[in-house]
Structures are given as structure tokens and as C-alpha cells.
Amino acid sequence: MRAFPPLLLLLAACGPSAYTRATSANTPAAYRAFLRAHPDDRDAPGARERLALLEFEIASTTHTLLAYKRFLEAFPDSSKATQAKALLETLRFTTARAQGTALTYRQFLAEHPDGAHAAEAIRLLAEVELSTVPKLDDPRALAALISSHPDDPRRAQAEARLDDVTFQRATGQGTLALLQYLADFPAGAHRDDARAELLSRQVEGLLFSGEVDSAVALVARSPLASRVPDLGWRLDRGRQARDLLHSGDPLAAAATPAHYLRDLDDVAKALHAPDALDRWEAAEELGQHVNVRAIEPLVEAIRSGRNPLVRQRALDSLAVLLASLPPRVADYEVGARVAELRARAESPEVHLSIAVLLDLGGRLEDAGPAYQRAYDPSAPDPVILRRWADVRRQRGQRYSSAVAARQLAVWAEGVAREHASAPASGEAPLPAARQLCAAVEAARFAERAIAEAAKGGTEFPEDVADFQRAAAGTRQLAEARLRDAELALRTADARALTCDDARVTERLAAGQKDRERALRALRTERPKVARALLQLAAARDPSPAVRQAAAAELGALRE
């Protein structure tokens with residue numbers, strides 16, 4: 001009995017091992033059971049490899065994407081891993097080719113960028129994608145397709161389609177898009193068409209403005225004039241309108257804005273007068289000249305004017321002028337200038353010009369970044385602040401409008417405090433008085449804007465109430481400083497004009513009333529030319545009231 005336990009041990013040692021039992025079973029379950037029970041056994045690596053071989057056989061028999069993926073996840077270092085990867089790639093490529101879509105080929109290439117079938121997948125992807133070129137009308141999609149297949153021989157077809165689509169879109173989008181087309185396609189098939197369209201718009205602007213001789217000279221210089229549609233007819237109409245307006249008939253003259261305005265060149269020169277009051281009155285009058293030649297001096301006044309009131313009047317006039325031009329003409333005049341300015345947009349003043357043109361040209365969203373580049377928080381621009389307050393009010397952003405107006409009031413307060421004392425003996429009081437004119441107008445505007453925001457209700461009513469009180473105080477201070485400055489001004493020169501001078505405003509208002517009366521008299525007193533004059537007034541007059549009166553008279557003529 002004492003010898004029995006060693007005998008049992010001997011018999012156990014001679015029995016089959018756990019690994020032997022697993023190999024005898026030779027099933028995945030047996031190998032997994034062995035590896036769970038003996039993960040560190042000397043036969044564990046062999047068990048794992050035999051398990052991998054069995055699982056590979058199962059995956060090969062199943063021959064599905066899922067089977068091979070599971071095998072590779074479980075046995076990434078197996079001797080069969082390379083073969084499994086190759087089979088998985090082939091299976092994926094076969095599936096992609098069977099579906100034949102760009103999406104499936106791109107998915108395959110994302111998973112096997114350097115695989116044995118990658119070159120063929122790239123070729124098939126290009127074939128699928130480039131076959132859609134004739135149907136594509138999105139320039140971005142076409143550009144992406146071209147960049148994806150830089151060496152494909154069919155790239156030229158895609159580039160030609162991109163050229164066509166971009167030009168078609170640019171024609172509908174306007175001048176800036178046409179100019180961008182010319183910049184992006186230096187050898188484009190439609191370059192002459194784009195230039196001819198730009199020439200057409202430029203000629204239309206000159207003819208609408210009555211600048212017939214300039215239009216004729218422009219056409220004579222351009223080798224693309226033959227591409228401009230109906231050019232001869234348009235020039236003849238321009239001459240007829242010019243002759244009608246310069247016929248010498250006093251009633252016809254009384255129906256036109258020019259009869260009540262100074263010559264455009266004289267008004268433009270007055271923008272450089274020594275007295276800022278003369279300059280802002282010139283800016284106000286210049287907006288009544290519905291002429292493309294008035295745009296540049298107004299933009300220059302906004303950009304470089306020293307007195308904020310001159311700049312504000314120029315901005316208001318530019319808005320009137322651009323609104324009075326035909327949309328195609330306004331688009332050309334804005335787009336051509338913006339493109340030129342962007343090429344040298346290195347200063348806040350240039351960015352401001354771009355912003356104002358885009359804004360008043362109906363592209364406020366594009367103007368926003370340019371306004372931000374032009375604005376310097378350390379030296380706030382009252383013209384920008386006033387515009388922001390207006391825009392935000394129009395959008396229903398009452399609190400934001402009040403904040404911009406409050407900043408404008410702070411600027412006005414700074415000007416008022418800067419001119420707190422009377423000018424020293426021998427110092428000219430005129431510059432201070434004119435600066436205070438601007439401060440008073442800014443303060444009054446700010447007070448009205450904040451009051452309107454408060455009336456409509458905002459998310460921070462206590463803040464707006466504080467703004468309102470501060471703006472009222474600023475307005476009172478500025479008005480007091482202005483009275484002192486103008487008293488000193490009139491003491492030095494009894495004939496000096498004060499800020500409340502309204503000669504130009506009154507003359508322009510009287511001219512509007514006189515034009516309305518003249519237009520109403522045309523039907524009975526000038527029946528032969530009434531229709532033509534009324535059509536010109538309805539199209540070209542800077543006053544909406546006059547245009548409306550002319551349209552009403554035309555309606556009466558048709559009846």
C-alpha cells in the first residue's frame with residue numbers, strides 16, 4: 001500500500017498531455033480550451049498557430065469579407081495573415097467592381113491604398129468619375145475631380161467642362177465672377193466672351209449716364225466691340241436721348257435733374273474746398289448726378305475725407321447713386337472697382353472702400369470681412385459705426401444696434417471734449433466748428449438709434465437704458481460745444497455759414513418738386529416728346545418720388 005501513490009504518479013505521467021489531447025481532437029474548440037487553461041505552456045505558440053490554420057480554413061471555406069476580417073483581427077501575426085489579407089483585398093475589389101460606383105472604388109482604395117488591385121481600382125475610379133463630366137454643372141465638383149486624376153488622358157475633357165460651367169455661372173453672377181473667371185482661366189475658351197460682356201456693361205453705364213461720346217470712344221478702341229449685342233442700336237438710342245435732353249426746350253430741361261444741379265466736374269472739384277461744409281454739401285449734391293463718373297469721387301471722399309460728415313454724406317450719396325443705376329450697370333461699376341482695390345488692399349482705407357462698395361452694391365455679407373479689416377478699435381471710425389447701427393437695426397438686432405450707436409456716441413463725446421475750450425487767439429475756429437458739426441450729428445443719430453432699440457425691446461434693457469442716458473448727455477454736450485465754436489466762428493467772420501445751413505438740401509428739394517410739375521405738364525404741352533421724356537425720367541431720375549410720378553404719367557398716356 002505504501003508503494004501505491006508513486007505508482008499512480010507514474011501512470012499519470014505516462015498518460016496523454018493536455019496539448020496532445022488538443023491535437024488529437026484537432027478542433028478550434030479544443031485548442032481554445034487548451035490555451036485558456038495553459039496560456040503560458042511551452043506548446044501554447046504551436047497551439048495558437050494550429051488554431052489559426054483551422055480558422056483560416058474555415059474563413060477560406062466561408063469566403064466572406066466578415067470571415068477574413070475576423071480572422072485577421074484574431075490572428076494578425078499568423079503565417080496565414082498575408083494570404084488572408086490578399087484574399088480580403090481581392091474580395092473587396094471584386095465587390096467594388098461588381099457595384100461599379102465611385103463610392104465603392106474610393107472605399108476600396110481607402111482600405112487598400114497600396115494593394116495589388118490599387119492601380120486597377122484607380123483606373124476604374126477615373127473611368128467612372130470622368131464619365132459623369134458631361135452632366136456635372138458644379139465647378140467645385142469638377143475641380144475636385146480634375147485634381148483627383150491629374151494624369152488621366154481624359155482630364156482635358158473635364159477641364160473644358162469646368163471652363164464652360166464656370167463661365168456660364170459667372171455670366172449669371174455678375175462682374176466680379178466674370179473677372180474671377182478671367183483670372184482663373186488664363187487660356188479659357190470664353191475669355192473673349194467674358195471681356196465682351198464686361199464691355200457691354202461698361203458701355204451701358206456710359207450711355208445711361210448720357211456720356212455718349214465716351215461710349216463711342218470706348219467702342220472704337222475695343223477689338224471686341226463686334227461681340228457686343230445690338231451695339232449700333234444702343235448707341236443710336238443714347239444719341240437720341242442726349243439730343244432730346246439738350247434740345248433747348250425749357251420744359252424738357254425743367255423735367256431733368258441736371259437743370260437744378262451744378263456741373264458734375266464742378267461739384268467734384270468742390271469736394272476739395274477749404275471749408276468742410278462746402279465739401280459735405282458737394283458730396284450731397286454729387287449723389288443727384290445719376291452718372292457713373294460720380295462714383296469715383298464719392299468713393300475717394302469716403303476713403304480719404306478728413307471730416308466724418310463729408311464722408312457720411314458721400315456714403316449716403318453713393319447709396320442713392322447706385323440704387324438709381326440699372327442693376328447690370330451698378331454691378332459692373334461696383335465689381336470692377338472692388339476687383340481693382342482687392343489687388344492692392346493693404347490699408348484700412350482701401351478695405352473700407354471695398355466694404356462700402358460691396359455693401360451698397362447689395363452684397364452686405366461679402367462686405368462684412370472688409371469692414372472688420374477697416375475698423376480699428378483704438379481709433380473708431382464713426383462712419384463704420386453708424387453703418388453698423390443701421391444694418392443691425394434693419395436686421396432686427398436691436399441690442400447690437402444700440403451697442404454700435406453707443407460706441408458712436410462715445411466717439412462724439414471725445415470730439416466734444418477735445419474742443420472744450422474756445423479757440424486761442426489767432427487760431428482759426430472753422431476746423432473745430434466743422435468737427436463739432438459731425439459730432440453733433442453723430443450724437444443725435446446715436447440717441448435716436450438707442451431710443452428705437454429701447455422701444456422695440458432688447459435682451460438687456462438695463463444696459464440700453466444706460467446707453468440712452470449717456471447718449472442724451474453726449475448730445476447736449478456736443479450741441480453746447482458747437483454753439484460756442486460757431487459763436488467764435490461768426491465773431492471772426494460774420495458771413496460764415498453754420499452747420500444748420502441747408503442751401504443745397506433746399507435747392508435739391510425744390511428741384512424735385514419742379515421736376516414733378518414739369519413732368520405732369522408734358523402730356524398736354526409737349527405731346528410729341530412726352531413719352532420719351534417720361535421714360536427717361538422714370539429710368540434715370542435720382543428721386544424715387546419723381547420716378548413714381550413719371551411712371552404714373554406714362555400710365556396715363558397709355559390709357
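**Aromatic pairs up close**

Modeller: Y181 is buried, at a relative accessible area of 1%. Keep in mind that this is a predicted model. The partner ring belongs to F185: the two form a stacked aromatic pair, 5.0 Å centre to centre, with 25° between the planes. The pair counts as stacked because planes under 30 degrees apart fall in that class. F185 is buried too, with a relative accessible area of 16%. The cut-off for buried is under 20%, so F185 qualifies.

Now take Y371 and W388. Their ring centres lie 6.5 Å apart and their planes meet at 75°, so this pair is edge-to-face. It links distant parts of the chain, 17 residues apart. Y371 sits in helix α22 (residues 364-374), and W388 in helix α23 (residues 382-394). Both Y371 and W388 are buried.

In total, the structure holds 10 aromatic pairs. Rings also group: F56, F71 and F75 make up one aromatic cluster.

A charge can meet a ring as well. The charged end of R540 sits over the ring of F208, 5.4 Å from the ring centre.

One more ring-bearing side chain deserves a look. H351 lies in helix α21 (residues 348-360). Its relative accessibility is 14%, so H351 counts as buried. Leaving out residues up to four places away in sequence, H351 touches A345, A370, R373 and A374.

Definitions and conventions:
Residues are numbered from 1 along each chain as its sequence is written. This is a predicted model: local features need pLDDT of at least 70, side-chain atom pairs count only at pLDDT 80 or more; totals for chains, interfaces and linings use all residues. Side-chain values use heavy atoms; hydrogens and water are left out. Rings of Phe, Tyr and Trp (its six-membered ring) pair if their centres lie within 6.5 Å; planes under 30 degrees apart count as stacked, over 60 as edge-to-face and the rest as tilted. Buried means under 20% relative accessible area, exposed over 50%, partly exposed in between (1.4 Å probe, protein chains only). Helices (H or I, at least four residues) and strands (E, at least two) are DSSP runs, numbered from the N terminus. A charge sits over a ring if NZ of Lys or CZ of Arg is within 6 Å of the ring centre and within 35 degrees of the ring normal. Contact means heavy atoms within 4.5 Å.
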